[in-house]
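Keep the viewer open as you read.

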Amino acid sequence: MKIISQNEIDRQYACMEKVRLLNGTGKRVLVRTFGCQQNEADSERLAGMAEAMGYVRADSPDDADLILVNTCAVREHAEQRALSITGQYKHLKEKNPNLIIGVCGCMVTQEHRLNTIKNSYPYVDFLIGTGMLYRFPEILLAHLENDKRLFFNDEVEGNIAEGLPVSRESKIKAWVSVMYGCNNFCTYCVVPYVRGRERSRQPDAILAEVKSLIADGVREITLLGQNVNSYGKDLDCGVDFADLVKEICSLDGDFILRFMTSHPKDANRKLIDTMAECGKCARQFHLPMQSGSGRVLTAMNRRYTPEGYLELIQYMRSRMPDIAISSDIIVGFPGETDAEFEETLEMLKKVQFDMTYSFIYSPRELTPAAKLDCQIPAEVKSARMERLLAVQNEISLAKNLAAVGTIQRVLIEGESKSSADMLTGRADSNKLVHIPRTPESEAKLGSFANIRITRAETFALFGELAD
């Protein structure tokens, strides 16, 4: 792990000032984000640096002077979408030769994708891998001064850069990265190759960021890491993830704390006990299962068993009977038999997840699973996915129907995406809750409200103010 020095951070701020002077006023930036919450957090940092360089947010690509495409590499579909969007910006560059286009993130940390964009997308001005994002001001300045295309391969050892500006999308919700990278090397996953090894931020730096957010009125804070349960293992400070959660929850302020993602092999009873004892910790746990088959889990290099997974779930519910549990499921991993897929369906029925995020297996270059010769035909994977969704949707609906008549504490976030007559928020369980838009409910925007649930659908709850 490499800690970026204060001198280097100061140098980036000096570059920000030079860009601001070069550009003058009125320049606009658009940041387009693909992928996970960590990518969203990275994009907020990129936007913060851009704003420090004098840029303001653009409403669309058409009125942008700088476009940043922050990419994902977890699935082929995400990469193809990012490439397609980047391709659509070609005509903007033809109309406005001064438009600057940068592509960054996980996808371009892979050498084959970097070469694809370098050779096939000549209108892209620079590429930045995940470990180099802190050098964005320096790279943009070099392009402005020399008008040359720039391609930066990643710094393999990984790093942590503190003290850079952040421009957050929301005033009431915030992502806080507690660690970066992954050491697990699941055989299907490209994350260790594009995010590097696990490296934790110092507890003091995290606490200072969280305190600042609370002081600014943020109501929901989500701690991020590829495997938050590994937090602190690379530090010699005697603080693990459960300790960090407990310390944050002890801070003054009206807020709720969430975290993701946990690995079942590392999630432990200490963390569960801490959640049960901390009133500010959301009664929600995202615990990716991936498969209900022991053989498939071994082939995935997940290093836990279905029995161990169930035992962890049972302990959670013994300590927090009201906890909402979500999971990730992969359908069609190479070699998965019909019988093994049935084991996954049985696990869904046993666990009774509140919700799942299910994905059809997508081969990723560099990963061992992509080299297996027992790939599942696309039509088989699609049929299995349909069956899995049918089972889970039935469970999710039953779980939501059970909430009708209860009173839920909900953070009211804003207007519903589906109707201007409704407001939307998230319950402690992280489930969407819609309520009618009235003067009384609008007064609750950005704060918590008690909502009586009156109706339920598979993916959302509906209710009314109860206070």
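First, some ground rules. This is a predicted model, in which local features need pLDDT of at least 70 and side-chain atom pairs count only at pLDDT 80 or more, while totals for chains, interfaces and linings use all residues. Residues are numbered from 1 along each chain as its sequence is written, and side-chain values use heavy atoms, with hydrogens and water left out.

Start with the packing. In soluble globular proteins, nonpolar side chains tend to be buried together. A nonpolar core here is a set of buried Ala, Val, Leu, Ile, Met, Phe, Trp, Tyr and Cys residues joined through side-chain atoms within 4.5 Å. Buried means under 20% relative accessible area, exposed means over 50%, and partly exposed is in between (1.4 Å probe, protein chains only). The largest such core holds 70 residues, and Ile221, Leu223 and Phe241 have the most contacts inside it. Take leucine 223: setting aside neighbours within four places in sequence, its contacts (heavy atoms within 4.5 Å) are Val176, Val178, Val228, Phe241, Val245, Ile248, Leu257, Arg258, Phe259 and Met260. Apart from that core lies another one, of 28 residues, including Val29, Met53, Tyr134 and Ala161.

Phe241 also takes us to helix 10, residues 241-249, where Phe241, Ala242, Leu244, Val245, Ile248 and Cys249 are buried. Seen down the helix axis, these buried residues fall within an arc of 160°, so they line one face of helix 10. That arc is taken from the directions from the helix axis to the C-beta atoms. Helices (H or I, at least four residues) and strands (E, at least two) are DSSP runs, numbered from the N terminus. Among the elements that cover the buried residues of helix 10 are helix 9 (203-215), strand 12 (220-224), strand 13 (256-260) and helix 11 (269-277).

Now for the empty space. Rolling a probe the size of a water molecule over the atoms shows where empty space is left. On a 1 Å grid over the protein atoms alone, a cavity is a set of points where a 1.4 Å probe fits but cannot get out; a pocket is an open set with protein on both sides within 12 Å along at least five of seven lines; and lining residues have an atom within 4 Å of a point. Grid points are joined across faces, edges and corners, and a volume is the space filled by probe spheres set on the points.

The structure has two cavities of 30 Å³ or more. By class, the lining of the largest cavity divides into ten nonpolar, five polar and nine charged residues. For these classes, Ala, Val, Leu, Ile, Met, Phe, Trp, Tyr, Cys and Pro count as nonpolar, Asp, Glu, Lys and Arg as charged, and the others, Gly among them, as polar.

The second largest cavity has a volume of about 40 Å³. Its lining includes Gln284, Ser326, Tyr357 and Asn430, and strand 15 provides the largest share, three residues.

Turning to pockets, the second largest pocket holds about 400 Å³. Val166, Arg168, Glu209, Ser212 and Leu213 lie nearest its centre, out of 17 lining residues. Helix 9 supplies the largest share, four residues.

Last, the backbone. Most residues other than glycine have a negative phi, and most peptide bonds are trans. Methionine 260 and threonine 261 are joined by a cis peptide bond, with omega about 5°; threonine 261 is in the loop between strand 13 and helix 11. Arginine 303 has a positive phi, near 65°, and is partly exposed at 47% relative accessible area. Asparagine 430, which we met in the lining of the second largest cavity, has a positive phi of about 75°. Asparagine 430 is buried, with a relative accessible area of 17%.
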